[in-house]
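Here are my notes for your next look at the model. Please read them with the structure open.

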Amino acid sequence: MPRIAGGLPGEAISAEQRAGIRAARVRRGMYVVPSLFTAGSIGAGYFAITQTIDSVSASGQISSSTHLDWAALAICLAIPFDALDGRIARMTNTASEFGKELDSLADAVTFGVAPCLLAWVWGFHSLPPEMNPDMRRALLQVGSFACFLFLLCGASRLARFNSTANAQPRNPGRLDRKYFVGMPIPAAAGMIAATVHCCYGYPIPNWPLAVLWIALVGLLGFLMVSTWRFWSGKEINLSRTQPFQLLMLLAIVLFVLIKFSSGALFFVALVYMFSGIWARAAYSWSRRRRHKPKDELADQPARPGAPAFVDEYAQQQPMRFETEPEYPHDHPSGRDSKQDSKPDDY
């Protein structure tokens, strides 16, 4: 005789109980959806690693460059998977510790190991053998160390995210926005992959470009472990009732990225990287201007239309928050601002 779980034999199941059981099953199944996107990210990283290895044993430069180009595209394709799994988990309220740890391990493989291997093979291993042997050996050694530092900084970036509840950047921005503390590891991996794809997978042909590649890989590693702010995109809300304008804009962006992928992906990655550098430089400049000595302020001309005693009074008063403070919680209105208790993505 039918009975419900935990009930006694002979207890009939009503329609409401059946609906509750069905809803519980659907609820348990929803936890699989974010993990499927994470699995897609791992699959793209695995494909990128295999394509990079195949490029080493490929016969001919064209065949080798094709494998490297496919590896770069796989890493770029994994970025949307990584961005969507966290958003879907929050939208469906299915976030869990298992999903968080799985996402961290997936990022370590897809955006740590795969771009590190791709950067070394494309930038240093494929240098022409007819160049100076000593210089080629030195570039291989320094390049291997730079790629290792990239992987180490990426792992440190993930560890800092998992161990820090609410990290604050050293150069805070607007109080109503949330920022990444340090460059996210998917963005750093995307910069490497976009550069390789922009060159259609053809390896670096000479030593000056190899030196420049070492500097770029080292800069990406530094930006990941820095405490500078990077745009997180948290203000993009896909759960609005009528997001027609946003969907139209996303459709146009996707069309441009797919149609002109070699140049568009590199441009987007480069702009995002320099946005964090520009934000830090602008904050340092505004902070130095805010803390100018009083003698420098006295040498400045008086403001037009204001009496002389106004400038003298302003110099005698303590410095106020003309620009944003170093930490958001020190702002006078920081206590009233609403803070998102959910952690950011990587």
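1. Start with the pairing of helix α2 (residues 32–57) and helix α4 (residues 97–125). Their axes come within 9 Å and cross at roughly 20 degrees. Angles under 35 degrees count as roughly parallel, so α2 is roughly parallel to α4. Keep in mind that this is a predicted model.

2. What is the hand of the α2 and α4 crossing? The crossing is left-handed. The contact of α2 with α4 draws on 15 nonpolar residues, eight polar ones and one charged one.

3. Next, Ser65. This residue lies in helix α3, which covers residues 61–91. Is Ser65 buried or exposed? Its relative accessible area is 2%. Buried means under 20%, so Ser65 counts as buried.

4. What does the Ser65 side chain reach? It reaches the backbone oxygen of Ile62, at 2.8 Å. Leaving aside neighbours within four places in sequence, Ser65 is in contact with Tyr200, Gly201 and Tyr202.

5. Last, Leu209. Look for it in helix α7, residues 207–225.

6. Which distance separates the C-alpha atoms of Leu209 and Gly123? They are 8.4 Å apart. Along the chain, these two residues are 86 residues apart.

Terms used:
Residues numbered from 1 in each chain as written. Predicted model: local features only at pLDDT ≥ 70, side-chain atom pairs only at ≥ 80, totals over all residues. Heavy atoms only, no water. Axes fitted to C-alpha atoms, helices over the stretch in contact; angles between N-to-C directions. Helix = DSSP H or I, 4+ residues; strand = E, 2+ residues; numbered from the N terminus. Parallel < 35°, antiparallel > 145°, perpendicular 65-115°, else oblique. Left-handed = near helix turned anticlockwise from the far one by under 90°. Nonpolar A, V, L, I, M, F, W, Y, C, P; charged D, E, K, R; others polar. Buried < 20%, exposed > 50% of the residue type's maximum accessible area, 1.4 Å probe, protein only. Polar contact = N/O pair within 3.5 Å; in protein donor to acceptor, adjacent residues only side chain to side chain. Contact = heavy atoms within 4.5 Å.
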